[in-house]
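Please find below my notes on the structure, as numbered points. They go from the whole chain to the sheet and then to one surface feature.

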Amino acid sequence: LLVRGRSGIMPTAAFAAALPHVSAAFRELETAAAILDLQRINEIHIVADTDWAELWLKPRLAAFTAQNPSILFCINGVGDVPIRLGQADCEVWFGPARPGTESVELFRDYLAPVSSPENKQRVLATASRLEGFPLLHLDCYRGDPAAPGWPEWIKAHGHRSTAPERGIRFAHVVRALESVYADAGLLLCGLALVMPQLAAGRLSEPFPLSQGAWTSHAYHAAFRETALRRKAVLHFRNWLIAQGGETTDALKERISNGG
């Protein structure tokens with residue numbers, strides 16, 4: 001299709017003949033994308049961090065959709081509506097703000113150990129607390145300089161003297177929690193993601209929350225500018241920001257109360 005000549009990269013004769021048709025095809029694709037975007041006035045397509053979508057958004061979304069039944073969601077390709085051609089309306093990630101991206105910070109998280117209620121009783125009954133207990137490690141916080149892993153947490157607070165780096169590694173909190181529920185180990189994770197499980201008694205906090213740490217990274221949301229022209233997307237954005245503020249307030253209250 002392309003050849004290198006004295007003046008740089010140039011199309012071959014065959015490609016040059018086809019270029020008007022290729023250009024017309026791309027114009028048609030742009031038109032199709034615009035039409036499909038208009039068809040999804042009440043649809044919101046989200047590409048999001050897996051843990052945030054499953055553990056934070058999903059428990060809250062039922063209340064939002066109950067008040068806004070005409071708004072339909074497609075989150076990471078799954079939901080009420082099919083995937084359509086075009087960009088996502090909203091992207092959510094955990095990390096630093098991205099340069100050149102108009103995003104809002106939803107909330108930072110607070111990392112602390114969690115366990116099953118049964119394992120909490122076992123930990124409290126052991127003098128060395130964590131010695132001999134399986135530790136579950138998360139890779140999703142490794143890029144955050146303020147987020148401690150088990151080796152850093154144990155160095156700061158003790159409770160164990162051998163092999164703090166050993167244990168099973170998980171890419172996502174939602175997968176690691178399955179092992180916690182099964183009494184297979186203790187996890188150091190963000191409390192904002194597991195507050196419903198703590199409230200329901202499925203998880204416990206085996207150590208004082210004063211031994212936790214705030215992340216320096218945060219959950220950020222970026223909305224496509226053209227998507228914000230739709231009232232449904234703008235309404236969802238405002239709701240998301242409000243929910244993020246409530247999460248921060250709930251975390252601070254929980255920490256100040258010690259659990």
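1. A residue is called buried when its relative accessible area is under 20%. By that cut-off, 41% of the 259 residues of the protein are buried. The model is a predicted one, and the values here should be read accordingly.

2. Secondary structure comes to 7 helices and 11 strands. The radius of gyration is 24 Å, well over the 18 Å that the globule rule gives for 259 residues, so the protein is more spread out than a compact globule. Along the principal axes, the C-alpha atoms fill a box of roughly 80 × 55 × 30 Å.

3. Among contacts with a separation of 6 or more, 79% join residues 24 or more positions apart.

4. An open sheet is formed by 9 strands, with mixed pairing, in the order β5-β4-β3-β6-β11-β7-β10-β8-β9. Its edges are β5 (78-79) and β9 (168-170); each has a single partner strand, so one side of each lacks a neighbour in the sheet.

5. Within this sheet, β7 (residues 103-114) and β11 (residues 213-223) run antiparallel and are paired over 7 bridges. Opposite E105 stands H220 of β11.

6. L1, L2 and I9 make a nonpolar surface patch of about 340 Å². I9 lies in strand β2 (residues 8-11). Is I9 buried or exposed? I9 counts as exposed because its relative accessibility is 51%, and the cut-off for exposed is over 50%.

Definitions and conventions. Residues are numbered from 1 along each chain as its sequence is written. This is a predicted model: local features need pLDDT of at least 70, side-chain atom pairs count only at pLDDT 80 or more; totals for chains, interfaces and linings use all residues. Side-chain values use heavy atoms; hydrogens and water are left out. Patches are made of residues with over 30% relative accessible area and no salt bridge: like charges are joined within 9 Å, nonpolar side chains (Val, Leu, Ile, Met, Phe, Trp, Tyr) within 5 Å. Accessible areas come from the Shrake-Rupley method with a 1.4 Å probe; for residues, only the protein chains shown count as cover. A salt bridge is a side-chain nitrogen of Lys or Arg within 4 Å of a carboxyl oxygen of Asp or Glu. Helices (H or I, at least four residues) and strands (E, at least two) are DSSP runs, numbered from the N terminus. Buried means under 20% relative accessible area, exposed over 50%, partly exposed in between (1.4 Å probe, protein chains only). The radius of gyration is taken over C-alpha atoms; the globule rule is 2.2 Å times the number of residues to the power 0.38. Contact means heavy atoms within 4.5 Å. Two strands pair if DSSP finds at least two bridges between them.
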